[in-house]
Amino acid sequence: MSGAPLRSPRVFNVAVGQPFLDALAAAVLAGFPGPRAPSALELARTTILVPNRRAARDLEQRLYERNGGAGLLLPRIRPIGDIDEELFDDPASLIDHEGVLPEAVTQQARELILMDLIAAWARDNPQQRLAQELAAAPQQSVALAVSLGEFLDTLETEEIDARQMGDLFGVEAARHREAILGFLALVQVQLPARLIALGLLGPMQRRAALLRREARRLADDPPDGPVIAAGSTGSIPATRDLLGVIARLPKGAIVLPGLDMAMDEASWAAAGPQHPQYLLKSLVAHLGISRSDVAPLPGTTETPRAWLVSEIMRPTETSEDWQKTAADCRAKIAAGVSGVSTLETRHVPEEAHAIALALREALEAPERTACLVTPDRELARRVKLELQGLGIAIDDSAGEPLIGFGIASLMAAAIDAVLGGLAPESVMALLRHGEARFGLEKTNLDAAADVIELAAYRAGSTPPALAGLSKELLRRHESMRRDSHVPAALARHDDRTWADAVAVAQKLADTLCPLSSRPPGAFGGHVMSVLDAVAVIAGADWPGESGEALRTLIDDLLRDASSLPEAGFVESALYLRHVLAVTALRPRRAAHARLAILGLLEARLVQPDLMILGGLNEGRWPALASSGPWLNRPMRERLNMQQPERAIGQTAHDFAQAFGCREVLLTWSRRVGDAPVIPSRWILRLRMLLKAASVIIPEAPWQALSAAIQEPATVTPCGKPKPSPPVAARPKSLGVTRVEVLIRDPYAIYAERVLNLKPLEEMGDAAAFSRRGMIFHEAIGNFLKLYPQALPPDGERELLRFGRASFGEVLTDPETGPFWWPQFERIARAFLLEEEKLRADARQVFAEIDGKLILETAAGQFRLTCRADRIDLLNNGTARIIDYKTGSVKSSKQVNAGLAPQLTLEAAMLKRGAFAAIGAALAGHLAYVKLGAGDPPVKENPIRLDDTVEATANRDLSGLLNLLAVYADPARPYLPRVMAEKEDDALPYDHFSRYREWALSGGKA
């Protein structure tokens, strides 16, 4: 270091409300920090350090504009916040007495190293609770490594000595905290050792080293040209030291952003970590000067907005002065809020739409610029989508997560499928992905995916494991030839599509099953296995910007892969997915040059014509103060670390600077998601001050305009659908079970018989109770067919034999077999006891017998069909009709009302000889037999009619003929839910008829 005496620091300030970069450009061209305007060569020898790269680009633009657009040799403008080798002209400056400065470890390499250290620590400390949690859920190591990396960045930034960790033991007695401290101490020793072995430094550690080397270089050999550090608050210790050196250079100066020169001394003294002036206050103290030693940047003055910001941010300790301020300074308050408007919306989507309209309106004026600044990424994405709807692309400094684009999105879907246990939903999501191909054209793959979904995952049975999916498809395809109940959506696919489905299923199994059982190994090997899977699913071509970004990311990951030599596939895949989610893609598509969305860091020093500060809700801006999972407040204090409130002070300074723009729109919502929220504390303070001074600022019109655009002037409620297909298209046959549907919900008949639509089973639904009913019916029916007159000696054994045959593979299904088979065993025993009573007066039993009756109607012949569960011919010459129910049983009241005519219509058919195997017979008894888990498991429910069976059957048949005559009228619509059994019942076609919409909107007519 030079032995020359220290110079007094030269420190200047640009007040809030002044355009910082514009003022700096004007001052530099006028000669700042010297006494006269510089020559072209002198200007080129000037070095200006600004907070970030965006500020550097904007300053270059301001200098060009200030120079009248003429050619200009620009100063060296460098970003101090994004410091790297660009800061240095001479590579030798990276070398000092310690030698060449090592490179920084990449964030990904460090996180992989941390995952390795975490796994090793967990193996060596199995008694610790954290180690036990990691053993139970090793995937937690990813989140732990990421969180630990962020914490280490904080330690390196604040230059906390790792050896101080030992001082924290005993600060509190909680055992879990001591375990964490032991873990941290280990990491603080082993991580640096690992980095030293690799010849690397921590990223924040290297940044601090670069800043300090530059500080030493400037102090030892001051440059000939001016050096200006502008816009920095000195939040990083190494930056503060560099600013101190620059301020004392013969031609050096620092320019502060928004130092409050008017704040009274009591408030200045009380400004704590949550105050926007706290960082500047700390920097001024570090420089060894007072506020009075700071001069305004030449050409700038204090503004009414700066005074207002000072009052809004007044510390709580001196807030009693607000009453006097409001009474005495009404004119200043009014001047301070000139150009400020506010917007409170009901929720975030409305806020986003209103902001988009404000940004769009800004483009109406030539050359006018506008910017949205928000820490809320959800709001930013919504605004961007709203602008896209208006045909406007906007520059978003944060970009979008790579995981949402192209092959990266498909890679994440493949990982999700494997880590989700190859569940049907995740497998189908992969098959339906826009980038999936499996060697087929997209339309062919979509058809194959339909077959897989319908035949395997919506079949009403336990879905097959992926390893056996192709065999199940072959079996299902073969069984379709014998199945009369194949869904139309499946039956329409030809053999070629089925062959494609089988081939795709086999490729899926060959690709994903090995991943799900992949043994532990090197991280790089796991990444390559995922890449191989993606190549099978999508091919080797990764098109577009997202594909280029993904290739770069994978190259970087494979370069750093040796940092994690041993890991499970789950941890590795989760880390790969994490990296895809945090990597930003910034598309190169042309964005509008006059609009931008910025985060708080990028927005520093930016001053557009319209500044929109969005998401101003407490908990979002500012965010909640949290000390994090690693160290509590007493521990931070012992290490002399900054408390989390300092982050609030930093975001408060960001708010104050942005609030200084000439025209400002402040926006917030009353709800975020489902939760009510309150405005930011700064909005509440502004409101309080304005109310006390009786000053009103305009409410921005964008909410009303948004409502006018999104809400129609008139609302016509959706009416009840009234489909009236041609008579020729109406059904010419119905089963007796569907007659009740025609009575209660005609729309369902229209949907299934005219439109040929059938409800699908739920995805992967093993316990489809309709399937249980079919199995029980089939077993009992086959038993009764074989023994129509006398029961066998060992009836229970025989019935169980039929049951096993009907159950088939369901018997071994782990999700249904253990529940349904014991239930069937109970039913079998009870059924035979009940059967002995029924056989006492029966001479023959007819089971699962088909019937057909031709009816003459106004529209021609109509066929009434049925498959009766059971008809008994009794010794007295009459018949007994029985229907087995595993679900709800119809009541006698419903049958008497004509709303449940299944059994009575079967009786009418029987009288008219519709059952060929029986001939004409008169039914004298109708009953439902309930099969279930109740006590008793088999219970007869006889139908008690108000009249004879014959009279009731004739009535219901006449009613059916009348109903068919009604629907022979082409103007007669098939209305939904005409006589729903229960108003709140969910019927199969409610969503198709949009029932909730027209019922809630009043459109019932």
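These exercises walk through a predicted model, each with a worked solution.

Residues are numbered from 1 along each chain as its sequence is written. Local features need pLDDT of at least 70 and side-chain atom pairs pLDDT 80 or more, while totals for chains, interfaces and linings use all residues, and side-chain values use heavy atoms, without hydrogens and water.

**Exercise 1. Find where confidence in the protein is lowest and highest.**

Solution. Start with the term: pLDDT is the predictor's confidence in each residue, from 0 to 100. The protein averages 89, and 95% of the residues score at least 70. Strand 4 (residues 95-96) is lowest, with a mean of 48. Strand 17 (residues 610-613) is highest, at 97. Strands here are DSSP runs of E with at least two residues, and helices are runs of H or I with at least four, numbered from the N terminus. Finally, look at residues 88-97, where pLDDT stays under 50. The model has 18 contacts (heavy atoms within 4.5 Å) for this stretch beyond four places in sequence.

**Exercise 2. Work out which strands stand at the edges of the open sheet of six strands.**

Solution. Write down the order: 11-18-17-12-16-13, with parallel pairing. Strand 11 (340-345) and strand 13 (395-396) each have a single partner strand, so one side of each lacks a neighbour in the sheet. Pairing requires at least two DSSP bridges between two strands. Now take one pair. Strand 12 (residues 370-373) and strand 16 (residues 595-598) share four bridges in the parallel sense. There, Ala-370 stands opposite Leu-595. Helix 16 (residues 377-389) packs on this sheet and touches strands 12, 13 and 16. Its direction makes about 160° with that of strand 16.

**Exercise 3. Describe how helix 22 packs against helix 23.**

Solution. Locate helix 22 at residues 495-516 and helix 23 at residues 523-538. Their axes lie 10 Å apart, at an angle of about 170°. Axes are lines fitted to C-alpha atoms, for helices over the stretch in contact, and angles run from 0 to 180 degrees between N-to-C directions. The angle therefore makes the two helices roughly antiparallel (over 145 degrees). Helix 22 contributes Lys-507, Thr-511 and Leu-515. Helix 23 contributes Ser-529, Val-530, Ala-533 and Val-536.

**Exercise 4. State how strand 25 pairs with strand 24 and with strand 26.**

Solution. Strand 25 covers residues 923-931. Seven bridges join strand 25 to strand 24 (residues 879-885), and these two run parallel. Lys-885 stands opposite Lys-930. Five bridges join strand 25 to strand 26 (residues 938-942), running antiparallel. Here Val-929 has Glu-940 as its bridge partner. A hairpin of six residues links strand 25 to strand 26.

Note on methods. Parallel < 35°, antiparallel > 145°, perpendicular 65-115°, else oblique.
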